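Good morning, and thank you for coming. I shall describe one protein model today, and I ask you to keep its sequence and structure in view while I speak.

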Amino acid sequence: MSDTERDVEKGEEVQETKGEENAEEKPKETQEEKAPEAEKPEENEVNVKLLPTDDDDDDEDEHKEIDADAVYIKDGQLADPEAVEVKVSHVEHQGLGKEELMKRCNTPAWKATRIALLVLFWLAWFAMLVAVIILIATAPKCPRNKEWYQSGVSYQIYPRSFKDSDADGNGDLKGIEKKIDYLKDIGINTIWLGQIFPTGKANNMGRYATNFTAIDEDLGDEEDFQSLLEKVHAEGMRLIMEFIPNHSSDEHSWFEMSRQSADNQYSNYYVWESGSPDKPPNNWLSRFGNSAWTYEPLRKQWYLHTFSENEPDLNFHNDNVTKEISNAMEYWLKQGVDGFYLPYANQLVEQATFKNEADNTYFKSNVNNTVIPYESLIHNITRDQPETFDLLAKWRILLDTYSGPDSDDYKLLVAGAQSSAIATQVDYYGNKKKVSDYPYNFQLMDLCSTSNKTGKYMSALITSWLNSVGSIGPERITNWALGDSERSRVSTRCGRNLVKAMNTLLMTLPGSPTSYYGDEIGMNDVDVDSTAYSGTPVGGTPTDDQSNSTDDTANTYNTSDSSDAMEINYYISRDNFMSPMQWTDEDFSGFTNGSKAWYSINNDYKDINVAKELNDSMSIVSKFKALQNIRREPSLIGGQLNEVLVSDDIYSFSRTFNRWPSYFVALNLGNIGNVPAFHSAGKGLPKQGKLQYSTHSSVKPDETVDFDSIQLAPYEAIIVKFEK
C-alpha cells in the first residue's frame with residue numbers, strides 16, 4: 001500500500017470518529033483514547049482533513065474554518081479548500097499540555113515579564129500603604145468621643161420657681177415638663193434639677209430633706225416625675241438630680257429617733273458629742289457663723305450642724321448611714337435619673353477626734369464682734385477629709401453599676417466643693433481612684449465684683465483653674481458656671497449690657513458649661529430689704545453698673561449681731577437669686593395663672609421675658625441660641641486654649657485642635673470702644689479670619705476681618721474662625 005493510500009485511510013478514520021462525536025455523547029474512555037490525536041503532528045507527518053460530501057446535511061453549529069497547513073480531500077480526491085464550502089464540525093478547545101506550558105513559562109521573556117509584574121505589584125501596594133499612612137497622619141482628627149455631659153450644655157433649675165402648672169403659686173414638675181421644648185430650642189441637653197425632696201419647713205428652699213426617696217407635694221408626685229423623665233429622654237436630653245447627703249432635716253424620722261436617746265437604732269445616725277449645756281464641745285463653726293453645735297435636752301448631748309440647727313449633719317462614720325444614703329441614690333437610679341449633683345460634698349465627713357480648728361490669721365472680719373464668721377478658722381478637720389473621698393468613690397462605683405456600655409448610658413456624678421481651695425477642689429476628680437466626674441467650678445461666679453471686673457482678673461481665674469485641672473491629668477473634663485442658687489445673678493453682678501459677652505465666654509471655654517435658669521434672658525436679682533423681711537419682697541431692679549456681689553455666705557454677715565439673723569439674711573439673699581422665671585409680660589410674668597406666686601416677680605418682667613426676647617434676633621436669648629451651633633465645632637469641644645491679648649478691658653484667646661479650623665474669642669469688658677492689635681500680639685494669629693458671631697451685630701456669612709483692625713464696641717464679644 002502506497003503512502004498516499006495510507007494517509008487517505010487514516011483521514012477516513014478521523015472523519016468517522018468525528019461523526020460519532022456529533023451523533024452521541026462521547027464516552028470518557030473514548031475521550032481519553034483520542035486525546036493524543038489533539039497533539040501537534042510530529043515533523044514529516046501529513047495533516048489530512050476530509051471535506052464533507054455534498055449529500056451531508058448542514059449543521060447550524062458548524063462554521064467555515066480553513067487550515068493553511070492541512071491537506072483537504074473530498075470524495076477521495078485532493079480538493080482546493082477555497083473553491084468549496086468548507087464546513088468543519090465544532091471541536092472542543094484543548095489548551096497546551098503541561099510540558100509545553102512549562103517550556104513556554106521558562107523562556108527568558110516570560111521570566112522577565114513575571115518578575116516585572118511582581119515588582120510592579122509590590123511597588124503599588126507599598127505606595128498605597130504609604131499614602132494611607134500619610135492621609136491618616138495629616139487628616140484633621142475629631143476630638144475623642146465625648147460623653148453626653150462633656151459636649152452638651154447643662155441648665156440648672158430651681159423647681160419651685162420655673163413654671164407653675166396648677167395655679168397654686170409654686171413651680172412644679174409638670175411645669176418643667178411643659179417647657180422642655182423651649183429648653184431644647186435654646187440648645188440645652190441636660191437639666192440639673194434642684195432638690196425636690198420634702199422638707200417640712202417653710203422658706204427653707206428644699207436644702208434639707210425629711211425623706212430622701214420622696215417628692216415635695218408642692219412640686220408633684222412620682223407619676224409627675226416619671227412623666228418629666230420620659231419627656232426629657234424622649235427629646236434626647238438628660239436629667240440629673242441635686243442630692244444633698246451632708247445633712248437631713250431635723251424633722252426627718254431618723255433625727256427624731258436619734259435625739260431621743262443614745263441607745264436606739266438611730267442614735268449614731270448623726271454626729272453627737274457630750275459636754276456641759278452651756279459650752280459646745282469645741283470651736284467648730286457653722287457656715288452661718290458662731291458655733292456649729294446645738295444642745296439637745298432630751299439626749300443631753302450636742303449635735304453638729306454645718307449649716308443651720310434645722311440641718312443636723314449625718315454621721316458617715318456609721319456604715320448604716322452610708323448604706324441608707326446609697327440606697328436612696330439607688331432608688332432614684334432605678335427611676336432612670338442620669339446622675340447626681342452633690343452640693344457641700346467636701347463637708348461630708350469630720351475627724352472623729354473633735355479637736356479644735358486653728359485660727360485663720362489671714363481673715364479680716366467685716367462684721368460685729370458678737371459674730372464669729374465661718375472663715376475665721378482653717379477648716380482642715382471638718383472639711384476635705386480622706387474618708388470623704390473614699391465615700392464619693394463608693395458612690396461613683398454605685399453609679400457605674402447603672403451605667404450601660406454605651407457612653408449615652410453613663411451616669412454622672414458631680415461633687416460640690418465650694419469654699420475649698422482650688423488645689424483641694426481638683427482633688428475631687430480623684431487620683432488613683434475616680435471620686436467624681438468633676439467638681440463643680442465656682443470660679444467665674446467671682447467675676448464682676450467691685451474690684452475684679454477686668455480682663456486680667458478673668459485671666460487669673462481661668463488659667464489658675466485650668467492649670468490645676470491639668471495637673472491632675474490631661475483628659476480631665478472641667479465645667480464652668482456663671483451663677484447658681486447661692487450667688488447673685490450675672491446680670492446683677494456684671495450689668496445687663498455684659499451678659500451676652502459673659503454667656504459667650506461660658507460657651508467657648510474648654511469644658512462643660514452650666515447655665516442657671518433665667519441667665520439666658522438676663523434676669524436680675526430681686527431686691528429684698530433683709531432687715532425687715534416678712535416674706536414679701538420690696539421689688540426693684542439693679543442698674544447696669546450696679547455690683548451686688550454675694551458670692552459667699554460671709555458677704556451676708558452685715559445685718560445683725562446674731563447668727564440666727566445671719567441665717568435669715570442668707571436665705572433671703574438666696575431667695576433673691578431664685579425668683580420666678582419671667583416667661584411673658586402678662587400677670588406674674590406667665591409663671592402662674594393663679595392669683596399669687598410663691599415669691600415676688602422682678603419689676604422688670606415687662607421688658608425682660610422669654611417671649612419678648614425670642615422675637616428679637618439681637619436679644620440675649622437669641623444670641624445664647626446662636627452660640628450653641630458654634631460651640632459644637634471640634635476646636636471648641638476639645639481644642640487647647642491659648643490666651644492672645646489680655647488687658648484691663650480685653651480678654652481674648654484662641655481654641656485650636658489638630659488641623660481643624662481654629663476659633664478666636666474676644667471680649668471687651670470696658671464701656672468704651674476698642675481696636676486691639678490681636679495679630680501683632682504675636683500669639684500665632686494670622687492677619688485675617690472669618691467672623692462667625694458678634695453680640696452686637698448681625699454677622700454676614702464668613703465676613704472677612706483683619707485681626708489688627710477689629711473694632712470692638714463696649715461690652716461686645718466676637719468669635720472669628722481662622723486657619724492655622
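The protein contains 19 helices and 20 strands; these are DSSP runs numbered from the N terminus, with helices (H or I) of at least four residues and strands (E) of at least two. Please note that this is a predicted model, in which local features need pLDDT of at least 70 and side-chain atom pairs count only at pLDDT 80 or more, while totals for chains, interfaces and linings use all residues. Residues are numbered from 1 along each chain as its sequence is written, and side-chain values use heavy atoms, with hydrogens and water left out.

Let us turn to burial. Of the 724 residues, 49% count as buried; buried means under 20% relative accessible area, exposed means over 50%, and partly exposed lies in between, with a 1.4 Å probe and protein chains only. Helix α18, residues 620-630, is mostly covered, since eight of its eleven residues are buried. Among them are F624, L627 and I630, and also K623 and Q628.

Next, the interior. In soluble globular proteins, nonpolar side chains tend to be buried together. A nonpolar core is a set of buried Ala, Val, Leu, Ile, Met, Phe, Trp, Tyr and Cys residues joined through side-chain atoms within 4.5 Å. Which residues have the most contacts inside the largest nonpolar core? They are F225 and F340, in a core of 127 residues. A second, separate core has 14 residues, including I650, A666, I710 and L712.

Now the aromatic rings. A pair of aromatic rings is described by the distance of the centres and the angle of the planes. Rings of Phe, Tyr and Trp (its six-membered ring) pair if their centres lie within 6.5 Å; planes under 30 degrees apart count as stacked, over 60 as edge-to-face and the rest as tilted. The structure holds 42 aromatic pairs. One of them joins W272 and Y303, edge-to-face, at 5.6 Å centre to centre with 70° between the planes. W272 belongs to strand β7 and Y303 to strand β9, so this pair ties together parts that are 31 residues apart in sequence. Both W272 and Y303 are buried. The ring centres of F389 and Y428 are 4.5 Å apart and their planes are at 40°, so that pair is tilted. F389 and Y428 are both buried as well.

Two charged side chains also meet rings. A charge sits over a ring if NZ of Lys or CZ of Arg is within 6 Å of the ring centre and within 35 degrees of the ring normal. The charged end of K179 sits over the ring of W583, 4.2 Å from its centre, and that of R287 sits over the ring of Y374, 5.4 Å from its centre.

Finally, the backbone. Most residues other than glycine have a negative phi, and most peptide bonds are trans. K300, however, has a positive phi near 60°, and Y344 has a positive phi of about 60°. Is each of these residues buried or exposed? K300 counts as exposed, at 59% relative accessibility, whereas Y344 is buried, with a relative accessible area of 3%. K300 is found in the loop between β8 and β9, and Y344 lies in the loop between β10 and α11.
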